[in-house]
Amino acid sequence: MRVNTIDKQILSIALALVALLTVPILISPEKGTAVLKAVLDTITSNFGPLYLWACLGIFGFLLWLAFGKYGKVKLGNGDPEFSTFSWLALIFTAGIGSGIMYWGIIEWAYYYSSPPFGLEPSSVDAASFAPTYGMFHWGFSAWAIYCVPSIPIAYAVYIRKSSSYRLSNACRGIIGDHADGLVGKIIDVCFMFGLIGGIGTSLALGTPLLAEGIHHFTGIEKTLTLNLGIVVALMVFFSICLYFGLKKGLKLLSDWNLYLYVAIAVFIFIFGPTAFIIASFTDSVGVLFQNFFRMSLYTDPVGKSGFSEAWTLFYWGWWFSYAPFTGMFAARISKGRTIKGLILGQLLGGTLGCWLAFSIFGNTSMFFEMSGIVPIVDILQSEGAPAAILASLNALPLGGIVVVLYLLVAAIFLATTVNSAAYTLSDVASKNLKPGEEPARWYRVFWGILLTSISIVLMYGDGLEALQTLSIITALPLVFVMFLMIGSFLKWIRADYDIIMQEQEKAERAAGYSMPGPGRIKKKRPEKAPVVPKTGFEN
Ligand code: NM2
């Protein structure tokens with residue numbers, strides 16, 4: 001067993017934090033959840049607005065960056081490694097797990113029955129905000145949270161020529177050599193803590209959905225044992241993949257999963273309530289743009305409905321918890337793209353992918369409720385979200401097949417996300433790895449098991465509330481780390497900008513054509529341009 005590459009310091013701090021979160025629930029689910037709830041209340045009452053400002057601020061910052069002079073900076077020489085389409089697909093599948101299969105269908109129903117802004121439950125106004133809020137929580141400002149870490153990380157690696165994709169390394173502009181010391185370790189632990197919380201949330205939501213499916217087809221009771229069985233089955237699957245490093249197989253699986261996801265969406269769009277989907281989507285876009293700032297900064301300080309804490313803070317926490325992980329991944333696959341391309345690609349591509357789910361799946365389910373075909377809200381309140389999700393799908397033409405495929409996509413989304421998270425965690429909690437060397441196999445499997453075990457504890461606790469708590473808690477340190485990364489990046493780019501542009505222009509002149517990739521710099525065509533350069537947009 002290879003143990004000399006394990007970073008014991010990082011590992012023990014991360015394990016201690018995990019224990020702090022889970023042991024109280026294990027000892028006493030009620031008291032444990034109450035302790036977490038108390039921590040949550042402290043965070044939301046003191047830092048709630050910070051999460052909202054951070055998300056909006058990050059979104060504004062990215063727009064400024066993309067459309068300002070720094071947007072032209074190319075991260076690394078040469079053409080992008082992947083076509084824009086594959087690049088977007090990779091970013092989407094890394095950052096989106098089974099969560100979208102869950103919330104995409106049912107989120108509207110929560111907002112419809114308990115709407116924001118003091119609206120009447122189940123009213124027409126509530127119905128216009130219901131699908132809009134889902135699109136907001138999975139829209140462009142949310143994707144801004146995902147996108148922001150990718151820029152300093154890519155900058156550190158491709159321009160500052162560092163070999164590490166770690167978060168601590170991307171903060172080096174501000175913290176200097178402390179990145180290699182205790183401060184760096186603390187930052188990396190924050191990253192791990194966040195990812196554990198984010199993945200725990202995805203697993204603890206995805207598992208009951210799969211359990212509902214199994215119950216639906218086999219009649220097996222939905223007990224904790226069934227949930228455990230599913231998590232263990234997933235664990236065995238991850239362990240095999242992680243142990244054998246089945247990267248190619250996993251990539252293929254996740255590609256096909258995305259195609260299947262799109263195919264189901266297209267099927268529902270055509271054979272479902274097409275006119276309603278289009279009308280409701282159109283309405284929601286209008287409502288969202290009209291109310292974007294209202295929704296972004298809604299705290300309800302007097303009414304104290306708790307809407308923002310239960311939803312927007314939960315979501316921003318969840319996005320923040322995942323963001324450094326997806327940022328690291330996006331940085332790895334974005335060499336050769338401009339900052340503008342990286343930003344617009346992630347904001348637009350990611351939003352489009354999520355809106356596809358919310359507008360097609362969510363509006364279909366909403367249509368069934370509104371036209372009295374399936375009482376979705378009643379099912380949600382009496383039997384829970386997974387039952388309401390399956391009831392929506394079942395009401396479609398070929399409902400049985402749609403349910404099976406849907407659950408398959410959810411399971412694979414979950415599996416591929418947990419798998420790569422376990423891989424990344426084992427990498428960050430290692431040291432002295434030679435370039436190209438991978439963490440020990442058993443260590444990868446260990447992280448996979450740890451992640452899944454946490455979700456078991458969470459399911460044992462107090463359901464949705466515990467999850468909402470976990471993501472918000474684990475995200476808090478990351479909000480500060482993100483600011484550190486942005487500061488570091490700005491310091492670097494201010495210092496490097498003139499030299500980068502000179503070199504970029506030199507390279508362009510030598511190549512004799514304008515830069516390829518999204519957001520390419522529009523330059524006059526060279527007089528003679530016999531060969532059309534590859535742009536990366538071909539497929
Ligand atoms: N986010 C995108 O399960 C999932 O879809 C993971 C969830 C952070 C809301 C990501």
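Is Ile27 buried or exposed? Ile27 counts as exposed, because its relative accessibility is 68%. The cut-offs are under 20% relative accessible area for buried, over 50% for exposed, and partly exposed in between, with a 1.4 Å probe and protein chains only.

1. Basis. This is a predicted model, in which local features need pLDDT of at least 70 and side-chain atom pairs count only at pLDDT 80 or more, while totals for chains, interfaces and linings use all residues. Residues are numbered from 1 along each chain as its sequence is written, and side-chain values use heavy atoms, with hydrogens and water left out.

2. Ile27 lies in helix H1. Together with Val23, Leu26, Leu224, Leu228 and Tyr460, Ile27 makes a nonpolar surface patch of about 520 Å². Two elements give two or more residues each: helix H1 (8–27) and helix H10 (224–244). H1 gives the most, with 3 residues. Patch members have over 30% relative accessible area and no salt bridge; nonpolar side chains (Val, Leu, Ile, Met, Phe, Trp, Tyr) are joined within 5 Å, like charges within 9 Å. Areas come from the Shrake-Rupley method with a 1.4 Å probe; for residues, only the protein chains shown count as cover. Helices (H or I, at least four residues) and strands (E, at least two) are DSSP runs, numbered from the N terminus.

3. Helix H12. This helix covers residues 274–296 and has a kink of about 55 degrees, centred on Gln290. The bend at a residue is the angle between axes fitted to the seven residues ending there and the seven starting there. Buried residues in H12 include Leu288, Asn291 and Phe292. Ser280, Ser284 and Ser296 are also among the buried residues of H12.

4. Ligand site. Residues around the ligand include Gly95, Ile96, Gly97, Ser98, Gly99 and Ile100. Trp138, Tyr146, Ser202, Trp318, Trp319 and Tyr322 also surround the ligand. A residue is near a molecule or strand if one of its heavy atoms lies within 4 Å of it.

5. A backbone N or O atom of Gly97 is 2.7 Å from a ligand oxygen atom. For Gly99, a backbone N or O atom lies 2.9 Å from an oxygen atom of the ligand. A polar backbone atom of Ser98 is 3.5 Å from a ligand oxygen. On its own, the ligand has 310 Å² of accessible area, and the protein covers 100% of it.

6. Salt bridges. The structure holds 7 salt bridges. Each is a side-chain nitrogen of Lys or Arg within 4 Å of a carboxyl oxygen of Asp or Glu. Asp41 pairs with Lys37, with the closest N and O atoms 3.4 Å apart. These two are 4 residues apart in helix H2 (residues 29–67), so about one helical turn separates them. Asp41 is partly exposed at 37% relative accessibility, and Lys37 is partly exposed at 31%.

7. Network. Salt bridges link Arg172, Asp177 and Asp180 in a network. In the Asp177 and Arg172 pair, the closest N and O atoms are 3.8 Å apart. Asp177 is exposed at 62% relative accessibility. Arg172 is partly exposed at 25%.

8. Glu212 forms a salt bridge with Lys222, the closest N and O atoms lying 3.0 Å apart. Glu212 sits in helix H9 (residues 182–218) and Lys222 in the loop between H9 and H10, 10 residues apart. Glu212 is buried, with a relative accessible area of 8%, whereas Lys222 is partly exposed at 38% relative accessibility.

Key. Polar contact = N/O pair within 3.5 Å; in protein donor to acceptor, adjacent residues only side chain to side chain.
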